[in-house]
Amino acid sequence: MSARGRNPTLSLLLWDVALPLAAYYGLRLAGQSEQISLLAGAGVAAARIVWVAVRDRSFDGFAALLAGVLGIGLVLSLVTGDAKFLLLKESFATATAAIVLLLSCFSRTPMVLVAVRAGSSAAKRAEIDRLTDEVPAFRRAFTRMSAVWGVALLLEAAIRVPLVYTLSADVMNALSVVLLLAVIGGLSLWSVRYAEKVQKAHAVTP
């Protein structure tokens, strides 16, 4: 059974989050400019949106969110300023993603639910739609996941600000990558386990 059929949340994290970030950080480690690396990451996320739209006639909200975050980073990377401002630009992008996630909690389609649905097989999407309509606790679980992602990313963006003005630029450049990957990695592990628990509790069929 494919990862997509077995665990749509894991598929979401691999394709929508890990692949664009791998493109970005891989090119940065290879010595490419920040603009080229951000453009590549955003391009991978955009390609994922198109693929899901063609394959499933569905919109991949999480891929769109990450494409937007990388796009904001690309725009800010073109803005000249002092070293401190340039180090803060990732906070703007992360905070934007956090706000979108938190706002989605007040809608009928929290962002994580949209993303997990987009990463599921046709049969599982139908089951997810049924549970969303019939079981309020099911929708609340994904609202909770969206809220956790939003709050965590907002805290990461806030923590970055005092660090930028406390640490040297060289140290912060390295720490910035570690901080973001640690937060996303922790959220990803929690999301996979929590989604498995939710789907098992409500008997989502493969």
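The chain has nine helices and zero strands, where helices (H or I, at least four residues) and strands (E, at least two) are DSSP runs numbered from the N terminus. Read from the N terminus on, the elements run α-α-α-α-α-α-α-α-α. This is a predicted model, in which local features need pLDDT of at least 70 and side-chain atom pairs count only at pLDDT 80 or more, while totals for chains, interfaces and linings use all residues. Residues are numbered from 1 along each chain as its sequence is written, and side-chain values use heavy atoms, with hydrogens and water left out.

**Confidence**

The score here is pLDDT, the predictor's confidence in each residue, from 0 to 100. The chain averages a pLDDT of 76, and 77% of the residues score at least 70. Confidence is lowest in helix α1 (residues 3-6), with a mean of 48, and highest in α8, at 89. Over residues 1-5 the pLDDT is below 50, and this stretch has twelve contacts in the model beyond near neighbours in sequence. A contact means heavy atoms within 4.5 Å.

**The chain as a whole**

Of the 206 residues in the chain, 46% are buried. Buried means under 20% relative accessible area, exposed means over 50%, and partly exposed lies in between (1.4 Å probe, protein chains only). Among contacts between residues at least 6 apart in sequence, 75% join residues at least 24 apart.

**Where α7 meets α8**

Two packed helices are described by the angle between their axes and the distance between the axes. Helix α7 (residues 122-134) and helix α8 (residues 136-166) pack at an angle of about 105°, and their axes are 5 Å apart. That makes α7 roughly perpendicular to α8. For the geometry, axes are lines fitted to C-alpha atoms, for helices over the stretch in contact, and angles run from 0 to 180 degrees between N-to-C directions. Angles under 35 degrees count as roughly parallel, over 145 as roughly antiparallel, 65 to 115 as roughly perpendicular, and the rest as oblique.

On the α7 side, the contact is made by I128, L131, T132, D133 and E134, and on the α8 side by P136, F138 and R139. These residues divide into four nonpolar, one polar and three charged. In this grouping, Ala, Val, Leu, Ile, Met, Phe, Trp, Tyr, Cys and Pro count as nonpolar, Asp, Glu, Lys and Arg as charged, and the others, Gly among them, as polar.

**Salt bridges**

Side chains of opposite charge can pair when their charged atoms come close. A salt bridge is a side-chain nitrogen of Lys or Arg within 4 Å of a carboxyl oxygen of Asp or Glu, and the structure holds four of these salt bridges. Among them are the following.

| Pair | N to O distance |
|---|---|
| R108 and D133 | 3.8 Å |
| E134 and R130 | 2.9 Å |
| E156 and R160 | 2.0 Å |

E134 and R130 are four residues apart in helix α7, so they are separated by about one helical turn. E134 is exposed at 53% relative accessible area, whereas R130 is partly exposed at 35%.

E156 and R160 both lie in helix α8, four residues apart, about one turn of the helix. Both E156 and R160 are buried. Elsewhere, salt bridges that share partners join E127, R130 and E134 into one network.

**Three residues to look up**

V75 lies in helix α4 (residues 61-77) and counts as exposed, at 54% relative accessibility. V75 and L38 are 37 residues apart in sequence and 9.5 Å apart in space, C-alpha to C-alpha.

L163 has its place in helix α8 and is partly exposed, with a relative accessible area of 24%. Leaving aside residues up to four places away in sequence, L163 touches M172, L175 and L179. L163 and L88 are 75 residues apart in sequence and 9.6 Å apart in space, C-alpha to C-alpha.

V177 lies in helix α9 (residues 169-201) and is partly exposed, at 26% relative accessibility. V177 and E90 are 87 residues apart in sequence and 9.8 Å apart in space, C-alpha to C-alpha.
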